[in-house]
Amino acid sequence: IGKKYTARAHTNIALVKYWGKENEELIIPANSSISLTLDEFYTDTSVIFDSTLQKDLITINDEITDDKKIINFLDLIRKKAGINLYAKVESYNHVPNSAGLASSASAYASLATAGSKAAGLELSDKELSMLARRGSGSATRSIFGGFAAWNKGTDDNTSYGYSIEDPVKMDINMIAIVLNGNPKKISSRVGMKISYETSPFYDSWIKQTNDDFSTIENAIKNGDFSTLGKTAELNAMRMHSLTLSADPSYLYLNKDSLLVIEMVKTLREQGIECYYTMDAGPNVKIICQKNNIKPIINKLSNQFSQDQIKVSGPGEKVKLI
Ligand code: DP6
């Protein structure tokens with residue numbers, strides 16, 4: 001305590017998506033999920049608990065914020081550590097703005113790691129993942145590198161992240177196409193709540209996504225890129241069908257998203273193996289292997305500029321820096 005700690009956590013892309021909560025306060029998801037942590041996108045967060053502070057001082061990319069979610073999260077850490085000091089938090093996101101790359105995942109994974117350490121706690125990776133989960137669900141998986149999973153569980157102590165494979169043996173990369181600089185209109189938090197409560201297809205999603213989980217878990221173990229890519233693509237579109245079938249209906253895809261999806265299909269017809277996935281925003285991410293990165297970028301360059309195209313490989317677990 002009284003010492004500053006800095007942690008770096010990478011963001012992740014879900015291959016089996018999390019889309020709905022059984023418990024909103026504890027962030028217990030309705031299904032287990034699997035992701036790939038990414039090396040190019042990360043958040044560095046420093047925390048110090050300081051007896052001279054009169055309130056929490058929080059900055060994100062040097063801008064002051066009094067985000068209630070972050071303060072509640074600091075309260076959780078204080079409670080766990082049995083302290084009542086205010087904190088200074090400085091966070092820097094190395095994630096393209098609204099790239100649809102869930103910067104909340106790397107943000108809360110790094111805040112949980114630096115914050116717990118600064119509060120004098122020594123948490124295991126599993127405990128860190130459970131703490132990060134309370135900030136944002138996808139952060140549960142960002143404690144781990146490579147292929148990671150989030151075991152759904154039923155309560156605070158049984159819903160945690162774990163490593164499936166790190167370092168990753170499979171040749172796998174992700175190309176993000178940044179389509180829209182505007183912040184998303186419907187956050188994942190709100191979107192998944194509407195889907196959970198109103199989509200008549202929600203029960204089928206849970207059944208299907210449990211199958212997708214086993215399929216992708218096995219594909220990772222068998223080094224089967226094709227099955228992994230195909231299933232991740234299907235799972236993403238199954239998730240997006242929950243937005244269209246909700247009341248009110250909403251949609252994250254826009255016309256550029258559809259354009260990229262068509263490009264991926266054309267590339268596949270030309271024998272270039274690649275798959276697409278999307279989260280709570282219009283940006284499309286293409287999953288491919290190393291030798292296909294160049295031809296895919298060539299094709300994308302007809303429509304998009306270089307700075308809209310970001311290539312990433314598997315990333316490391318959270319670490320103190
Ligand atoms: C589509 O983790 O951002 O990226 O738990 O409410 O903070 P909260 O939601 P968040 O949702 C991520 C949704 C997703 C799929 C995924 O990452 O699994």
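Reply: Helices here are DSSP runs of H or I with at least four residues, strands are runs of E with at least two, and both are numbered from the N terminus. Keep in mind that this is a predicted model: local features need pLDDT of at least 70, side-chain atom pairs count only at pLDDT 80 or more, and totals for chains, interfaces and linings use all residues. Residue numbers start from 1 along each chain as its sequence is written.

Me: What angle do helix 6 and helix 7 pack at, and how far apart are their axes?

Reply: The angle is about 160°, and the axes are 9 Å apart; helix 6 covers residues 202-222. Axes are lines fitted to C-alpha atoms, for helices over the stretch in contact, and angles run from 0 to 180 degrees between N-to-C directions.

Me: Is that crossing left-handed or right-handed?

Reply: Helix 6 passes helix 7 in a left-handed crossing. Left-handed is when the near helix is turned anticlockwise from the far one by less than a right angle, and right-handed is when it is turned clockwise.

Me: Which residues meet there?

Reply: On the helix 6 side they include Tyr-202, Trp-205, Thr-209, Ile-216 and Ile-220, and on the helix 7 side they include Leu-228, Ala-232, Asn-235 and Leu-242. Contact is set by C-beta atoms, placed from the backbone, lying within 7 Å of each other. By type, the residues of this contact split into eight nonpolar, six polar and two charged. For those classes, Ala, Val, Leu, Ile, Met, Phe, Trp, Tyr, Cys and Pro are nonpolar, Asp, Glu, Lys and Arg are charged, and the others, Gly among them, are polar.

Me: OK, helix 3 next. Is it mostly covered or mostly open?

Reply: Mostly covered: helix 3 runs over residues 125-135, and eight of its 11 residues are buried. Buried takes 20 or more other C-beta atoms within 10 Å of a residue's own, exposed takes 12 or fewer, and partly exposed is in between, with C-beta atoms placed from the backbone. Among the buried ones are Leu-128, Met-130, Leu-131, Arg-133 and Arg-134.

Me: What covers them?

Reply: The cover includes helix 1 (68-81), helix 2 (103-118), helix 4 (139-142) and strand 9 (160-165).

Me: How do helix 2 and helix 3 cross?

Reply: Their axes come within 8 Å and cross at roughly 125°. That makes helix 2 oblique to helix 3. The crossing is right-handed. Tyr-108, Ala-109, Leu-111, Ala-112, Thr-113 and Ser-116 in helix 2 meet Leu-128, Leu-131, Ala-132 and Gly-135 in helix 3. That contact divides into seven nonpolar, three polar and no charged residues.

Me: And helix 1 against helix 2, at what angle?

Reply: Roughly 35°, with the axes coming within 10 Å. Helix 1 also passes helix 2 in a right-handed crossing. Phe-73, Leu-74 and Ile-77 of helix 1 make the contact with Tyr-108, Leu-111, Gly-115 and Ser-116 of helix 2.

Me: Switching to the ligand. Which residues come nearest?

Reply: Ala-14, Tyr-18, Ser-136, Gly-137 and Ser-138, out of 14 residues around the ligand. A residue is near a molecule or strand if its C-beta atom, placed from the backbone, lies within 6 Å of it. The shell holds five nonpolar, six polar and three charged residues.

Methods
Contact = placed C-beta atoms within 7 Å. Parallel < 35°, antiparallel > 145°, perpendicular 65-115°, else oblique.
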